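This briefing sets out how the secondary-structure elements are arranged and which residues connect them. Please read the points below alongside the sequence and the structure.

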Amino acid sequence: MSTIPFSGNAYAFNKATIDTVYGIGGVYGLFRWDPRTSQYVNLYVGSTDNLRRRLAEHFNNPPIAGVTHFFAEAWTTAAQRTQREAELIREFNPPGNTVGKL
């Protein structure tokens with residue numbers, strides 16, 4: 001399994017934690033903690049101009065089931081976010097990014 005290329009810590013994917021996130025641009029990953037392997041499993045990668053708003057949208061309407069944690073990185077420009085998101089999707093190939101796509 002790949003090491004987690006996100007900088008920073010994992011945060012619980014719950015309303016109380018999401019409410020503390022800054023409303024800034026960034027890239028994020030939604031993960032599930034696997035107690036059998038003691039590792040995070042990447043389920044989805046996304047980018048947004050407002051991390052708090054987008055994570056709250058995912059909390060209320062998850063793109064994939066089983067999310068327990070998220071990681072997030074701040075990126076200033078849309079071009080930076082798009083590039084970083086693409087890198088992470090290539091690395092992880094998360095199932096939530098392929099659901100419903102041909």
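Strands β1 and β4 run antiparallel and are joined by two bridges; strands (E, at least two residues) and helices (H or I, at least four residues) are DSSP runs numbered from the N terminus. The model is predicted: local features need pLDDT of at least 70 and side-chain atom pairs pLDDT 80 or more, whereas totals for chains, interfaces and linings use all residues. Residues are numbered from 1 along each chain as its sequence is written, and side-chain values use heavy atoms, leaving out hydrogens and water.

**The sheet**

- Tyr11 stands opposite Phe70 of β4.
- The open sheet consists of four strands in the order β1-β4-β2-β3, with antiparallel pairing; two strands pair if DSSP finds at least two bridges between them.
- β1 (11–12) and β3 are the edge strands, each pairing on one side only.
- Strands of a sheet pair through backbone hydrogen bonds, either parallel or antiparallel.

**Helices on the sheet**

- Helix α2 lies across β2, β3 and β4 and runs at about 40° to β2; axes are lines fitted to C-alpha atoms, for helices over the stretch in contact, and angles run from 0 to 180 degrees between N-to-C directions.
- Helix α3 (residues 78–92) packs on the sheet, where it touches β2, β3 and β4, and its direction makes about 150° with that of β3.

**The buried side of α2**

- Within α2 (residues 51–60), Leu51, Leu55 and His58 are buried (under 20% relative accessible area, with exposed over 50% and partly exposed in between; 1.4 Å probe, protein chains only).
- These residues are on the same side of α2 because they cover an arc of only 60° around the axis, taken from the directions from the helix axis to the C-beta atoms.
- The buried residues of α2 pack against α1 (15–18), β2 (26–34), β3 (39–48) and β4 (69–74), contact meaning heavy atoms within 4.5 Å.

**Residues at the start of α2**

- Asn50 caps the N-terminal end of α2, with a side-chain oxygen 3.3 Å from the backbone nitrogen of Arg52.
- Arg52, in helix α2, counts as partly exposed because its relative accessibility is 35%.
- Arg52 and Asp19 are 33 residues apart in sequence, yet their C-alpha atoms are 6.7 Å apart.

**Thr48**

- Thr48 is in strand β3 and counts as buried because its relative accessibility is 6%.
- The side chains of Thr48 and Arg53 are joined by a polar contact of 3.5 Å (a pair of N or O atoms within 3.5 Å; within protein, one must be able to donate a hydrogen and the other to accept it, and residues adjacent in sequence count only if both atoms are side-chain atoms).
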